[in-house]
Amino acid sequence: MSQLSTLQQNLEKAGLSIDHSLRLEGAQPRELATELTLRYPVASAQLPALSAALDALATNPKATVIEPVQDQTERRELATAQEIAQQQKRAEQQQIQPSNSPSQDQARREFIDAAVPVAQSLRENGGGLQAAYLQQVSKSLLKQPEIKPLDQENLVKVLAKIDQVPALKDSHSVGQLRQAMQVLNPPIKPEQTQTQQQERRRGPKL
């Protein structure tokens with residue numbers, strides 16, 4: 001009951017308008033069952049955020065989102081198309097700082113382009129945190145010629161989530177992402193390999 005007001009405020013902040021609110025019967029003790037009819041402009045410049053908010057709401061065990069399948073599909077397609085267009089515009093405004101390797105710069109561009117639809121699919125499948133990791137790596141690659149160690153760790157989490165989504169893990173965008181990562185992950189230095197071998201020879205301490 002105490003969460004209803006906060007929920008309504010968050011929905012309105014995301015750009016959704018509440019057409020009406022109707023209290024329902026049959027709620028559990030200390031709970032208030034309420035039906036909200038939500039509306040949003042399809043042509044909104046904030047459609048990707050609106051779409052992500054609806055998908056996130058659908059994962060809440062206390063909420064049931066009733067939306068026709070055709071409307072849901074159209075909403076996601078429009079949001080993805082808009083996000084890709086926005087990403088391309090940002091990419092034009094934020095050019096990659098060139099390195100000494102044209103092939104590496106090409107891989108950076110391929111990673112950034114592929115990350116957009118992959119991040120959108122992750123959000124649609126409950127992977128909002130992994131989508132944020134992916135976008136952070138894309139931002140870093142505008143200036144860095146290689147994927148930083150911390151970003152490599154986060155990408156492991158991203159790929160683990162991708163592998164849990166059958167329709168996503170075999171997609172063209174994910175394949176492009178993996179190929180780019182092979183080029184952008186820096187090779188292990190010889191001294192790192194020697195240190196790892198020494199640690200294995202030492203064995204456990206009692």
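In which helix is L7 found? L7 is found in helix α1, residues 4-13.

## Model and conventions

This is a predicted model, in which local features need pLDDT of at least 70 and side-chain atom pairs count only at pLDDT 80 or more, while totals for chains, interfaces and linings use all residues. Residues are numbered from 1 along each chain as its sequence is written, and side-chain values use heavy atoms, with hydrogens and water left out.

## Overall make-up

The protein has 9 helices and 2 strands. Helices (H or I, at least four residues) and strands (E, at least two) are DSSP runs, numbered from the N terminus. Read from the N terminus, the order of elements is α-β-β-α-α-α-α-α-α-α-α.

Of the 206 residues in the protein, 28% are buried. Buried means under 20% relative accessible area, exposed over 50%, and partly exposed in between, with a 1.4 Å probe and protein chains only. Among contacts (heavy atoms within 4.5 Å) with a separation of 6 or more, 59% are between residues 24 or more positions apart.

## Nonpolar cores

A nonpolar core is a set of buried Ala, Val, Leu, Ile, Met, Phe, Trp, Tyr and Cys residues joined through side-chain atoms within 4.5 Å. The largest one holds 26 residues, and the members that touch the most others are F111, L122, L134, I147, L155 and I162. At least two residues of this core come from each of α4 (102-124), α5, α6 and α8 (172-184). α4 supplies the largest share, 8 residues.

Beyond its neighbours within four places in sequence, F111 is in contact with L134, V137, S138, L141, I147, L155, L177, A180, M181 and L184. A second, separate core has 7 residues, including L11, L16, L47 and L57.

## Packing of α4 and α5

Two packed helices are described by the angle between their axes and the distance between the axes. Axes are lines fitted to C-alpha atoms, for helices over the stretch in contact, and angles run from 0 to 180 degrees between N-to-C directions. For α4 and α5 the angle is about 165° and the axes are 9 Å apart. The two helices, α4 and α5, are therefore roughly antiparallel to each other; angles under 35 degrees count as roughly parallel, over 145 as roughly antiparallel, 65 to 115 as roughly perpendicular and the rest as oblique.

The crossing of α4 and α5 is left-handed, a term used if the near helix is turned anticlockwise from the far one by less than a right angle, with right-handed used if clockwise. On the α4 side the contact is made by R108, F111, I112, A115, V118, A119, L122 and R123, and on the α5 side by G128, Q130, A131, L134, Q135, V137, S138 and L141. By class these are 10 nonpolar, 4 polar and 2 charged residues. Ala, Val, Leu, Ile, Met, Phe, Trp, Tyr, Cys and Pro count as nonpolar, Asp, Glu, Lys and Arg as charged, and the others, Gly among them, as polar.

## Packing of α5 and α6

Helix α5 (residues 128-141) packs on helix α6 (residues 149-162) at an angle of about 140°, and their axes are 9 Å apart. α5 and α6 are therefore oblique to each other. Their crossing, that of α5 and α6, is left-handed.

From α5, the residues Q130, Y133, L134, V137 and S140 meet D151, N154, L155, K157, V158 and K161 of α6. The contact of α5 with α6 divides into 5 nonpolar, 3 polar and 3 charged residues.

## Packing of α6 and α8

α6 and α8 pack at about 150°, with their axes 13 Å apart, and are therefore roughly antiparallel to each other. α6 passes α8 in a left-handed crossing. L155, L159 and I162 of α6 and V174, R178 and M181 of α8 make the contact, which has 5 nonpolar, no polar and 1 charged residues.

L159, in helix α6, is buried, with a relative accessible area of 16%. Not counting residues up to four places away in sequence, L159 touches R178 and M181. L159 and R178 are 19 residues apart along the chain, and their C-alpha atoms are separated by 9.0 Å.

## Surroundings of L7

L7 is partly exposed, with a relative accessible area of 31%. Leaving aside neighbours within four places in sequence, L7 is in contact with L36 and L57. L7 and L57 lie 50 residues apart in sequence and 9.6 Å apart in space, C-alpha to C-alpha.
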